[in-house]
Amino acid sequence: MSVVLFLVLVIILALVVEFLRQWWVKITEIPQIPKLKDVWWTDQDPAQEDSTIQPFKIHVPDEALEDLKNRLSNAKPLTHPLESIQHQYGINTKLLNEIIEFWRTKYNWREREAFLNKFPQYTVNVQGLRIHYLHVKPTETADLKVVPILLLHGWPGSIREFYELIPILTNPQPGRRFIFEVIAPSLPGFGFSQAATKPGLGAVQLAVVFKNFMQKLGFEKYYIQGGDWGAIIVQHMATLYPEHILGLHSNMCYATSFMITLKTLLFSLKPSWFLEDRFVKRLYPLKEYYANRLLETGYVHLQATKPDTIGVGLADSPIGLAAYILEKFITWTNPEYKNSFDGGLNEKFSYANLLDNVMIYWITNSITTSMRLYAETFSLKQKRLNVDKIPITIPAAYARFSHEIIYTPRCLLEEKFKKLLHESDYEGGHFAAFECPNILANDIYEAVARFERYYMYGY
C-alpha cells in the first residue's frame, strides 16, 4: 500500500470517527431548559382581567337536564354487536343500552350535583383562563405538618376521579406526622375550566399555567401528583420549575430519549438478562408489545390530528359521548375486561360514579376542547422544546399499576428521574385514583414521608 493511499484512509477514518463522535454528542446531550413566556390564551383583554378568587358551585339548569332526557329517550336504536363479541370491537351496545337505561331512569343528577358540590370549589384567572378547582383543607391539624399537594387529572377523566381520594389525604392517618392540603383543578378546556381560544396550549404550556396558578393561590413550594395527562404535566413542572416543587408522585411515569430507545432494543436481545419477569411479560416480544399499543391508541392519532371533527359527534350525542369515554374505563382498567359482558365496570366502579364523569363533559360541552390537548402536545413545535429529554432532579416517586398503559421499569426511568426515591407496584389500572383510592393515597403518603426524610436527613 502506498503512503498516499494509507494517509487517505487514515483521514477518511478520522473524519468518520469525528462525525460519529459529534453525532453521539448531539443525540445524547441534555438540552437547555427553555424559557417560556406567560402566554395569554384567550381573546379577553388582559386589562379587564378579574384577578380575584371566586367561590364556585356546580348548577345545571333544568332546561339542560330536560334536553338530556329527551336525547336519551329519543335516540336511534344501537347497532347490535357481532356474535360472540364483547368489547373487542369497542363498547358492547348491549351493555351500553343497560347503562343508558340506568342513566335515563335511575341516575339522579340533582343528588349527584350535591355530591360534587361537597368540597369547596373556586375559580381564578390565570393567563386569560378562568381555572376551576377544588381546594380542600385538612379536617384537623393538631401536631401535624400541613403540606400542599397539587393533583392533576387526565383524559377522559376529570376532578371526579379524586372525590374518594381527597378525604383520605385530608384526614389524619395513623402513624403519619403530616397531612395534605389538596388543590385539584380542572385542566383548561376540561369540565368547568375555561378553554383556550388561541392555538398552542400543550402539556408544556400547561406546566407554566399551573405554576402560575399555584402562585396565584399563594403557594411557592408544594408537592405534585398526576396520572395520564396530569402525569405528563407534573413531569414538565418538575423539569421547568424545580425550585417550586418539593417532590413529584406519579402513577404513570413516562420517559423518552435516545438512550432509553437504545436500551429497549438491547433488552429485546435477551430480556431476562436485564429485566424482572413481570417486565419481560409486559414489554417483550416488542412486536406483540407495539401491536397492543396500536390496538389501544387509535384514539390518540385521531385526537392529535382531527379533534374538532370527532368532537362534533360526541358533543351532539350523550350516548356517543358515554360510549367513547366508558370504553376507555374498560380496556384501560384491565385489557382482559374486554372479554366479559360487563367490562369490569361493575367490579371496579359504579354506573353512577362513571356517569358523574361523563356528565361533567356533557354539561360543560368540553369534549372537543379537552381532546385538543392531544393536537397541541403532539406537534413539532412542542417537540422542539425538548423538555422530555431534560432530566428531573427533584425527589420523585412512582406507583406502578399492573395494567397501566405505560409500564416502565426503573432501569429506564432513571434516565429521566435522577432522584427516584420511592417506587412501588400494585394490581390495578390506569384510573388509579378512581379505581383504588386507598392504595394510591397510602402510596402518596409513603412517598411524601420519604421525601420529607430526604430533606431532613439527606437520604
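Predicted model: local features only at pLDDT ≥ 70, side-chain atom pairs only at ≥ 80, totals over all residues.
Q: How do the axes of helix α13 and helix α17 run relative to each other, roughly parallel or roughly antiparallel?
A: An angle between helix axes is taken between their N-to-C directions, and angles over 145 degrees count as roughly antiparallel. Here the axes of α13 (residues 307–316) and α17 (residues 367–377) come within 9 Å and cross at roughly 155°, and the two helices are therefore roughly antiparallel to each other. The crossing in which α13 passes α17 is right-handed.

Q: Which residues make the contact between α13 and α17, and how do the residues of that contact divide into nonpolar, polar and charged?
A: From α13 the contact draws on P307, D308, I310, G311, V312, L314 and A315, while α17 contributes I367, T368, M371, R372 and A375. The residues of this contact comprise eight nonpolar, two polar and two charged.

Q: Where does S370 lie, and is S370 buried or exposed?
A: Burial is read from relative accessible area, with values under 20% counting as buried. S370 lies in helix α17 and has a relative accessible area of 0%, so this serine is buried. Once residues up to four places away in sequence are set aside, S370 touches W155, G189, F190 and Y361.

Q: How do α2 and α3 cross, left-handed or right-handed?
A: The crossing in which α2 passes α3 is left-handed. The axes of α2 and helix α3 (residues 93–105) come within 10 Å, and they cross at roughly 145°. In this pair, L68, L72 and S73 of α2 meet I100, W103 and R104 of α3, and the residues of the contact divide into four nonpolar, one polar and one charged.

Q: Which residues of helix α4 are buried, and why can they be said to line one face of the helix?
A: The pattern is read by looking down the helix axis and taking the arc of the directions from that axis to the C-beta atoms. In α4 (residues 109–116) the buried residues are W109, R112, E113, F115 and L116; seen down the axis of α4, they fall within an arc of 160°, so they line one face of the helix. These buried residues pack against α2 (62–73), β2 (121–126) and α16 (351–364).

Q: What are the buried residues of helix α12, and what covers them?
A: Within α12 (residues 298–305), Y299, V300, Q303 and A304 are buried. Viewed down the axis of α12, these residues fall within an arc of 125°, so they line one face of the helix. The elements covering the buried residues of α12 include α11 (286–296), α13, α14 (318–331) and α17.

Q: How far apart are Y133 and S193 in sequence and in space?
A: Separation along the chain and separation in space are read side by side: Y133 and S193 are 60 residues apart in sequence and 8.1 Å apart in space, C-alpha to C-alpha. Y133 is found in strand β3 (residues 129–136) and, at 1% relative accessibility, counts as buried. Beyond its neighbours within four places in sequence, Y133 is in contact with a set of residues including I53, P120, Y122, I183, P185, F213 and L217.

Q: What is the relative accessible area of K94, and which residues is K94 in contact with?
A: K94, which lies in helix α3, is partly exposed, with a relative accessible area of 44%. Leaving aside neighbours within four places in sequence, K94 is in contact with H80, P81 and F341. Between K94 and H80 the separation is 14 residues in sequence and 7.4 Å in space, C-alpha to C-alpha.

Key. Residues numbered from 1 in each chain as written. Heavy atoms only, no water. Axes fitted to C-alpha atoms, helices over the stretch in contact; angles between N-to-C directions. Helix = DSSP H or I, 4+ residues; strand = E, 2+ residues; numbered from the N terminus. Parallel < 35°, antiparallel > 145°, perpendicular 65-115°, else oblique. Left-handed = near helix turned anticlockwise from the far one by under 90°. Contact = heavy atoms within 4.5 Å. Nonpolar A, V, L, I, M, F, W, Y, C, P; charged D, E, K, R; others polar. Buried < 20%, exposed > 50% of the residue type's maximum accessible area, 1.4 Å probe, protein only.
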